[in-house]
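Visitor: I would like to go through this model residue by residue. May I put some questions to you as we look at the structure?

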Amino acid sequence: MLAPNTFDLIVVGGGMVGVACADVACAEGLKVALVEPGPMGGGATAAAMGHLVALDEDPAELALAAYSLALWEQFPDPRAAEFSRCGTIWVARDDAEMARVPPKIARLAAAGIQAESLDAKQLRELEPQLVPGLAGGMRVTREAVVYPPRAARCLVERACSRGLRLFAGRRVDALQDGGALLDDGTRLRGPVLLATGCALPALLPGLPVRPRKGQLVITDRHPGLVHHQLLELGYADSAHGNASSSVAFNVQPRPTGQLLIGSSREEGAIDGEVSGPLLRRMLARTLDYLPALGSLSAIRVWTGFRPATPDGRPYLGAVPDTRDRWVAAGHEGLGITTALGSARLLMDLFLGREPAIDPAPYSPARRLA
């Protein structure tokens, strides 16, 4: 039996990725601690859109997303997480964008995700509020959305039922050989897994993560106005680009009847204030595609920070040249989608098993070499 405050795994960070790791570790029968200074499912998780979507431009990103989407099908309480299988439609403005659809469908199919091409008439029938004259698009029927804070809470509750010990309201001040020191002087002993998102460099300065600020708007209730999650086909260009700021069309119907509007990215911003000019750009982009939203009322606007690595892939695995230190961080805008797969891959590595997908693209060693 382990001594008090000695654990098989100490998870630092109670966002979606951290709680998913704690949940999987508890399911394996490990004695697990979870340290989080703020609300469980706070931070980037609370600010996220909650889309469960596969981006296909990077094969490693697609592999992790596809693996994780299959695990979302086994989520313990979909209703509590506000899981909604609305599907995703990628919208093509013109023939040039429409030409990108067949290779996207092929890449998704190779990863086991089925998608279908839509011509202009089919797109109009599925989403009549879209602006006339669009070329068509692509629909991924089985994709979904969740409410991230509630999804995180579900996993925390299940992990607690399996023995998880929470250190809520506590912060890790320092990593020590064989454990971690909390801000109240408590020392926890055992392997440490850092799932701290943008805060990762504070404890692991050798692994760079930069915050990418985003803004979201939620409207009042208009059930049935939009039926699918809608994204422009150029969304990934915005998400993976290097511009100091960018916007892309992304609207999501919530089970409440509200509409969640994104998305924007802003480099170098460290304050949590809403950026008026960028917000206006984002809403103008939305109205280019969905002019009917101009008559809706926004009831809340908020910001959050996506933890981005230099190459856009998360860090998953053991930290080289350290003893019993692990990392699961840097998921940028796909942390909700890929949390479950990240946790399972990390736990397989931790227990010395062969993961279901190749872990090499996410290894922290790529930055520390």
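Visitor: Which residue takes a positive phi just after α7?
Guide: The model is a predicted one. In it, helix α7 covers residues 148-161. The residue with a phi of about 105° just after that helix is Gly163.

Visitor: What is the reach of helix α7 from its first C-alpha to its last?
Guide: Helix α7 has 14 residues. At 1.5 Å a residue, the expected span is 20 Å. The helix comes close to that expectation, with a reach of 20 Å.

Visitor: Which elements cover the buried residues of α7?
Guide: The buried residues of this helix include Pro148, Ala152, Leu155 and Ala159. An α-helix has 3.6 residues a turn, so residues three or four places apart point the same way. The cover over the buried residues of α7 includes α1 (16-27), α2 (44-47), α3 (59-72), β8 (165-168) and α11 (335-350).

Visitor: Which strand gives the largest share of the lining of the largest pocket?
Guide: The largest pocket holds about 940 Å³ of space. Of its 49 lining residues, the closest to the centre are Gly43, Ala44, Thr45, Gly197 and Phe305. By class, the lining has 23 nonpolar, 19 polar and seven charged residues. The largest share, five residues, comes from strand β17 (residues 298-308).

Visitor: Which residues touch the most other members of the largest nonpolar core?
Guide: In soluble globular proteins, nonpolar side chains tend to be buried together. The largest nonpolar core here has 70 residues. Those touching the most other members are Met16, Trp72 and Trp90.

Visitor: Leaving aside neighbours within four places in sequence, with which residues is Trp90 in contact?
Guide: Trp90 belongs to the largest nonpolar core. Beyond its sequence neighbours, Trp90 is in contact with Val53, Ala54, Leu55, Lys104, Gly136, Gly137, Met138, Val140, Leu231, Glu232, Leu233 and Tyr235.

Visitor: Which residues does a cis peptide bond join?
Guide: The bond has an omega of about -10°.

Visitor: Is Glu82 buried or exposed?
Guide: Glu82 is not a glycine, yet has a positive phi of about 55°. This residue sits in the loop between α3 and β4 (88-92). Because its relative accessibility is 18%, and the cut-off is under 20%, Glu82 counts as buried.

Visitor: Is Asp321 buried or exposed?
Guide: Asp321, a residue other than glycine, has a positive phi near 60°. Its place is the loop between β18 (315-318) and β19 (325-329). Since its relative accessibility is 84%, Asp321 counts as exposed.

How values were computed
Residues are numbered from 1 along each chain as its sequence is written. This is a predicted model: local features need pLDDT of at least 70, side-chain atom pairs count only at pLDDT 80 or more; totals for chains, interfaces and linings use all residues. Side-chain values use heavy atoms; hydrogens and water are left out. Helices (H or I, at least four residues) and strands (E, at least two) are DSSP runs, numbered from the N terminus. The expected span of a helix is 1.5 Å times one less than its number of residues. Buried means under 20% relative accessible area, exposed over 50%, partly exposed in between (1.4 Å probe, protein chains only). Contact means heavy atoms within 4.5 Å. On a 1 Å grid over the protein atoms alone, a cavity is a set of points where a 1.4 Å probe fits but cannot get out, and a pocket is an open set with protein on both sides within 12 Å along at least five of seven lines; lining residues have an atom within 4 Å of a point. Grid points are joined across faces, edges and corners, and a volume is the space filled by probe spheres set on the points. Ala, Val, Leu, Ile, Met, Phe, Trp, Tyr, Cys and Pro count as nonpolar, Asp, Glu, Lys and Arg as charged, and the others, Gly among them, as polar. A nonpolar core is a set of buried Ala, Val, Leu, Ile, Met, Phe, Trp, Tyr and Cys residues joined through side-chain atoms within 4.5 Å.
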